[in-house]
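Here is my note on the model. Please read it with the structure open beside you.

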Amino acid sequence: MNDTLHAQVDTARGGLAALRTAFEAATGALAQRCSGDGRLSGRKLDAEQVASFELAWAAADLLAAETGLALLRPGSSELDARLALLFAVDAAAAVLSRLETLYLELGLDLAPLRAWRDAREWDALRQSAAGAQALDAAGRGVVAAQGEVGAVELDEPHAMAQESFRRFSAEVVAPQAEAIHRENRTVPESLLQPLREMGVFGLSVPEQYGGSAPADHEDSLLMVLVTEALSEGSLAAAGSLITRPEILSRALVAGGTPEQQAHWLPKLAAGEPLCAIAITEPDYGSDVAGLALRGTRVPGGWRLNGAKTWCTFAGKAGVLMVVTRTDPDRSLGHKGLSLLLVEKPSYEGHEFVFRQDGGGVLTGRAIPTIGYRGMHSFDLSFEDFFVPDANVVGGESGLGKGFYYTMAGMVGGRMQTAARACGVMRAALRAAIRYGEDRKVFGQALADFPLTRAKLARMGARLAVCRQLACEVAGRVDRGEGRMEASLVKLLACRSAEMVTREALQLHGGMGYAEETAVSRYFVDARVLSIFEGAEETLALKVVARSLMERALGGAPGQE
């Protein structure tokens with residue numbers, strides 16, 4: 001990083017600091033509007049959804065920009081500096097716009113925002129970091145690096161794991177991905193068995209139970225690196241395989257009895273059986289507290305009746321983690337939910353019917369989708385389906401705690417989804433570079449045009465910062481922090497994946513719209529990322545904005 005770039009970085013950091021101050025003022029004002037007696041009010045929060053959504057997105061862009069610049073060192077490469085500056089300038093413009101909207105809504109004085117917007121140093125920074133010349137230089141750098149952007153410092157074990165899984169993804173996953181997608185196949189054993197042998201399903205299982213998670217701390221960074229590498233080969237056929245055991249393993253570690261942990265965790269680590277997570281219902285998506293599938297106590301266990309939907313991998317899975325209403329008092333909300341483990345045979349097809357000897361029936365049907373094929377998401381119907389008491393997570397003392405056990409797993413699941421988004425972005429960026437170099441338009445390579453390089457520069461900047469933020473937040477999660485930040489990076493990375501894959505497809509022209517071109521798969525796969533593992537709107541309103549306002553009020557959660 002030369003002296004000129006170093007000076008630009010200092011200016012950018014100063015500008016983001018000013019925006020951070022303005023952001024904190026908006027957060028405090030909105031928190032006051034949404035509270036009473038120092039506590040947040042559910043009714044007032046609902047009335048301020050638009051402002052809360054703007055606040056959450058401003059938080060995401062601002063933290064990502066700060067992180068990208070904070071990781072720069074005097075010895076950082078010119079490309080690293082250019083991409084961090086480009087994202088910071090674009091993000092600052094977006095944050096400034098959102099804050100102006102919030103300030104107007106909240107009746108705050110716009111003078112601090114206008115002072116920065118009209119400042120000569122801001123104009124100069126925009127030109128030097130995101131003008132045509134800067135974009136061209138960054139684009140050339142991204143092409144020369146073949147999309148290898150957003151590097152993070154790794155110790156030897158993590159670097160070796162990343163390299164190993166990237167190689168497996170390129171040599172084993174990617175060659176099978178097109179057929180799995182276009183022919184709507186189920187993930188084959190030719191992928192599952194090597195991944196079992198590589199220990200993929202045990203990343204969140206403690207070493208004492210046959211996994212690879214250290215006994216004294218979590219290793220979310222390893223999960224992020226492995227997930228990203230596998231998602232580059234295929235989101236549905238490889239990158240998403242870790243999510244379900246991630247959620248169930250963490251739930252068992254958080255609330256399972258010693259007997260349940262000893263029985264289930266080694267099996268999950270070995271990938272035998274595979275598992276699925278049944279939370280969503282036809283009438284309840286992200287509103288987990290409203291779930292209605294009921295469990296009725298009977299001698300020796302529970303009878304399940306009701307429906308679940310969007311249960312990914314339910315056919316192939318041998319065990320389902322089913323969030324069940326075990327207390328008939330609906331007024332209890334999430335406090336009436338428990339986790340039950342439903343055992344079933346593994347099925348290869350898109351439909352199944354499992355009949356128990358006692359008369360219980362579980363039926364499943366795969367939902368046709370535009371992308372994310374391979375694992376298949378199922379509609380499930382339970383009719384008097386029996387689950388023994390031994391399969392209630394936490395046993396008798398776990399009744400009513402299913403929501404909390406589920407949330408213990410969802411933080412890791414959201415981090416993992418951010419990593420999936422980074423893997424898809426990386427695949428799309430690298431595909432766009434290869435096509436841009438090969439495709440000749442008007443007598444020259446597509447990648448030689450300034451507009452192409454400008455697009456590649458912004459794609460590279462998004463990928464770089466999202467990767468770096470995901471790895472940084474992984475460290476927070478391992479320290480027992482970062483619940484809100486895990487949702488924030490999921491929010492940003494998943495939307496970014498839509499943007500990057502869209503541009504990659506656009507650069508391919510007509511070929512990008514053809515199923516035979518991998519970038520068309522990246523595009524439709526990316527669209528699901530902002531929907532599952534916490535819909536974008538729910539994360540923004542219920543987790544990110546709410547957490548920010550609770551902090552502004554001095555950490556006082558709750559509602560009137």
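1. Which residues is Leu69 in contact with, leaving aside its neighbours within four places in sequence? They are Val9, Ala12, Arg13, Leu16, Ala84, Leu85 and Ala88. Contact here means heavy atoms within 4.5 Å.

2. A word on the basis. This is a predicted model, in which local features need pLDDT of at least 70, side-chain atom pairs count only at pLDDT 80 or more, and totals for chains, interfaces and linings use all residues. Residues are numbered from 1 along each chain as its sequence is written, and side-chain values use heavy atoms, with hydrogens and water left out.

3. The largest nonpolar core has 141 residues. A nonpolar core is a set of buried Ala, Val, Leu, Ile, Met, Phe, Trp, Tyr and Cys residues joined through side-chain atoms within 4.5 Å. Buried means under 20% relative accessible area, exposed means over 50%, and partly exposed is in between (1.4 Å probe, protein chains only). Leu19, Leu69, Leu99, Leu230, Met415 and Met549 touch the most other members. Helix α4 (residues 78-106) gives the most to this core, with 17 residues. Helices (H or I, at least four residues) and strands (E, at least two) are DSSP runs, numbered from the N terminus. Another core, of 23 residues, lies apart from the largest one. Among its members are Leu252, Met321, Leu337 and Val393. In soluble globular proteins, nonpolar side chains tend to be buried together.

4. Look next at helix α12 (residues 243-255). Its 13 residues reach 18 Å from first C-alpha to last, close to the 18 Å expected at 1.5 Å a residue. The expected span is 1.5 Å times one less than the number of residues. Is α12 enclosed or exposed? It is largely enclosed by the rest of the structure, because 11 of its 13 residues are buried.

5. Helix α7 (residues 132-144) packs with helix α15 (residues 450-478) at an angle of about 70°, and their axes are 7 Å apart. Axes are lines fitted to C-alpha atoms, for helices over the stretch in contact, and angles run from 0 to 180 degrees between N-to-C directions. That makes α7 roughly perpendicular to α15. The cut-offs are under 35 degrees for roughly parallel, over 145 for roughly antiparallel, 65 to 115 for roughly perpendicular, and oblique for the rest. From α7, the contact is made by Leu135, Asp136, Ala138, Gly139, Arg140, Val142 and Val143. From α15, Pro450, Arg453, Ala454, Leu456, Ala457, Arg458 and Gly460 take part.

6. The loop between α7 and α8 holds Ala145 and Gln146. Ala145 is partly exposed, at 23% relative accessibility. Its C-alpha is separated by 60 Å from that of Arg297, 152 residues apart along the chain. Gln146 is partly exposed as well, at 30%. Its phi is near 55°, a positive value in a residue other than glycine.

7. Phe442 also has a positive phi, of about 50°, although it is not a glycine. Phe442 sits in the loop between β11 (440-441) and β12 (444-445). It is exposed, with a relative accessible area of 79%.

8. Check the peptide bond between Glu272 and Pro273: it is cis, with omega about 10°. Pro273 is in the loop between α13 (258-270) and β3 (275-278).

9. How many disulfides are there? The count comes to zero, taking a disulfide as a pair of cysteine sulfur atoms within 2.5 Å. For Cys466, the nearest cysteine sulfur is that of Cys422, 5.4 Å away. Cys466 is buried, at 1% relative accessibility. Cys34 is buried too, at 0%.

10. Asn184 lies in the loop between α8 (156-182) and α9 (189-197). It is partly exposed, at 27% relative accessibility. Not counting residues up to four places away in sequence, Asn184 touches Ala179, His350, Arg373 and His376.

11. Last, the start of the chain. Asp3 is in helix α1 (residues 3-33) and is exposed, at 68% relative accessibility. Asp3 and Pro74 are 71 residues apart in sequence and 9.2 Å apart in space, C-alpha to C-alpha.
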